[in-house]
Structure formats: C-alpha cells, structure tokens
Amino acid sequence: MQMDTFKLWKDFISDHLHLPSPLQQINWSSIGIQLSIKRDDLIHAVISGNKWRKLCGHLEIYKQGNFDGIASMGSAYSNHLHAMSFVCFQLKIPCTCLIYNQGTMELSVTLRDCLNWQAKCTSITRSYASDLRTHSENYLEIGGKNLMWIPEGGSGDAGEMGIRQLIAELPEDLDHAEHLLICGCGTGTTIRGILNHTKHLQIASKRVVRSAIYDFENHPRMNWIGGNHSHQFSKMDAELELFMKTFQAEQGILLDRVYTGPLLLSFSKEYNLHSFQKIYFIHTGGLQGNRTD
C-alpha cells in the first residue's frame, strides 16, 4: 500500500468508523427476555456489521503487500461487494467485482452503487464462480496484474482477524457456558472466528444458504435454529415483514431481511429462551440489502 493510501486508511478509520460499536441492552417484552445487542450496524452507514469486520483483515494484508488492486466475487446483491467497492473508492484502490448470474438483466441497486464508486463489474458464469472458489489464482493470472483476491463474502483466515477484535469489544465474562450469542451465518467466517476465539460460549444461528456446508456445523457449541421457519433467501414474506416492522417500532432497531430478521424471528419462536444467564446478539448490518430496485 502506497504512503498516500496508507494515510487515507488511517484517516478513514479514525474519522468515519464508530468503533468500538455500542452494546445496547433491550427488554424484549414480547418474549420475556433481556437481549444485549452488539450494534455493529452502527459502525458505518455503508460498511456496517461484519462486512467491515471481515474486510479490515484483508485490507491489513493489502497494506503490507505490493498489489495493483483488489478483486472479489459475489451476486448482484452482495453486501460484501458493496462494502468492498466503497472502501476501495475511499482508499483509491482499484477494485474489480466479478458478478455471477447477472447476465443481461438490469443492474441491481447494489451494483449501481459499486459502479458509482468506480469498481469494475464483470459478469461471470456460475460455473466459473464455482471454479474461482477453489482456484482464484486462475483469475489473477488472466487479469495480468498483481491483484489481491478476497474470497467471496470476505471469508478466509484474513476475514477472521476482525472477528477477534469484535470479541475483544464484548464484556470480559462473555465466554461462559451459560451465555448464548446469536449471530447470522452466510460464509460462516464470523461464526468460525467466534468459535476460534472462545472456549465455552454457546452460539445460535440459522441456515440461510441452504447449499452451504460448514466445517463447524456439528461443533458441540453450535445450535442451529429455524428449521421449521424457512424463508426464501432475500425474500420478504408477510410474516417476516410484520416481525421486522414490529421489532423496529418497539426497539428502534432496523433488521435486514436476509440474516438478522429471519434469525431473530426463528429464535423468538423456537428457542428455549430461559436456558441462559445472558443472551447476546450480533447485529451484522447488511441493511443496504433491504432496498428494492
């Protein structure tokens, strides 16, 4: 990372990011519990939640290398690509977004933002995307430049670096067998990082990407919920819409329709809510995904 970009990086973090994010306690009276919400959605209006937490580790690696830019892939509605494009624009880093299953359809509002932030958006097939998940070096060679590849969703070991900081911002007594932490699961990077940096804390999550296979899915501290309340990925049905509107009216907190909304809805209906001394919830942001074209 060149010196001017390094200065932009330091200034961006100090001037624009709200860290550490607040821990807000709410009385969730409709189900009779107290819930401590880690408000990572308030880190920044664009790169909120675990989008920033995962990106910051990759950016640390970029800062230490000699790269010509950053590349990654995702869908036309990817929160990861949206956040990555914005950060690269702010730091003047050339950014390439590979979009699978886009075809000739009208651009999503997410991709329009990426283009406005000067990201290069290229459509690829799902077959090519599948190949890149295991052979990303193929793209970097074809690109002809020394691009740093960020795995889809900001996953990987570098993506977990920011999760360690997230854990450090939570109360010192967090890691207790009678404490539960609720967190969404997409690529699995956030939950994997939490499991790797705790020893006793119980984790609750909901499967959103049905085809995903996680190396921690049978972990003894993992609790999967929502099996009987499946919502189509990114689709807002009447039950979910009512739940999100009610939660926002009662608590003043907006949830997203892909991860946090379905997760808390399923949790409120299924889980044994009185089995734990303390219950935490990580608000992973992603609110830009609520927008419709």
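**Close-up views of a predicted model**

View 1. Gln251 is found in helix 9, where helices (H or I, at least four residues) and strands (E, at least two) are DSSP runs numbered from the N terminus. The model is predicted, so local features need pLDDT of at least 70 and side-chain atom pairs count only at pLDDT 80 or more, while totals for chains, interfaces and linings use all residues. Residues are numbered from 1 along each chain as its sequence is written, and side-chain values use heavy atoms, with hydrogens and water left out. Gln251 is buried, with a relative accessible area of 15%; buried means under 20% relative accessible area, exposed over 50% and partly exposed in between (1.4 Å probe, protein chains only). Leaving aside residues up to four places away in sequence, Gln251 touches Gln24, Ile26, Asn27 and Trp28, contact meaning heavy atoms within 4.5 Å. Asn27 lies 224 residues from Gln251 along the chain, yet their C-alpha atoms are separated by 8.4 Å.

View 2. Two strands pair if DSSP finds at least two bridges between them. Strand 2 (residues 33–38) and strand 10 (residues 278–282) run parallel and are joined by three bridges. Within strand 10, Phe281 stands opposite Ile37.

**View 3. Ile203 in strand 8.** Ile203 is found in strand 8 and is buried, with a relative accessible area of 0%. Not counting residues up to four places away in sequence, Ile203 touches Leu180, Leu181, Ile191, Ile194, Leu195, Arg221, Met222 and Asn223. Met222 is 19 residues from Ile203 in sequence and 5.1 Å from it in space, C-alpha to C-alpha.

**View 4. The crossing of helix 7 and helix 8.** The axes of these two helices come within 8 Å and cross at roughly 55°. Helix 7 and helix 8 are therefore oblique to each other; angles under 35 degrees count as roughly parallel, over 145 as roughly antiparallel, 65 to 115 as roughly perpendicular and the rest as oblique. Their crossing is right-handed, the term for a near helix turned clockwise from the far one by less than a right angle, left-handed being anticlockwise. Helix 7 contributes Gly159, Glu160, Ile163 and Ile167 to the contact, and helix 8 contributes Thr189, Thr190, Arg192, Gly193, Ile194 and Asn196. The residues of this contact divide into three nonpolar, five polar and two charged. Here Ala, Val, Leu, Ile, Met, Phe, Trp, Tyr, Cys and Pro count as nonpolar, Asp, Glu, Lys and Arg as charged, and the others, Gly among them, as polar.

**View 5. The packing of helix 2 against helix 7.** Helix 2 (residues 50–64) and helix 7 (residues 157–169) pack at an angle of about 125°, their axes 6 Å apart. The two helices are therefore oblique to each other, and their crossing is right-handed. Among the residues making the contact are Arg53, Cys56 and Ile61 of helix 2, and Met161, Ile163 and Leu166 of helix 7. The contact residues comprise six nonpolar, five polar and four charged.

View 6. Five bridges join strand 4 to strand 5, and Leu98 has Thr122 of strand 5 as its bridge partner.

**View 7. Helix 4 and what covers it.** The buried residues of helix 4 (residues 109–116) are Val109, Thr110, Leu111, Asp113 and Cys114. Their cover includes helix 3 (79–91), strand 4 (95–100) and strand 5 (120–124). Just after helix 4, Gln118 takes a positive phi of about 70°.

Note on methods: Axes are lines fitted to C-alpha atoms, for helices over the stretch in contact, and angles run from 0 to 180 degrees between N-to-C directions.
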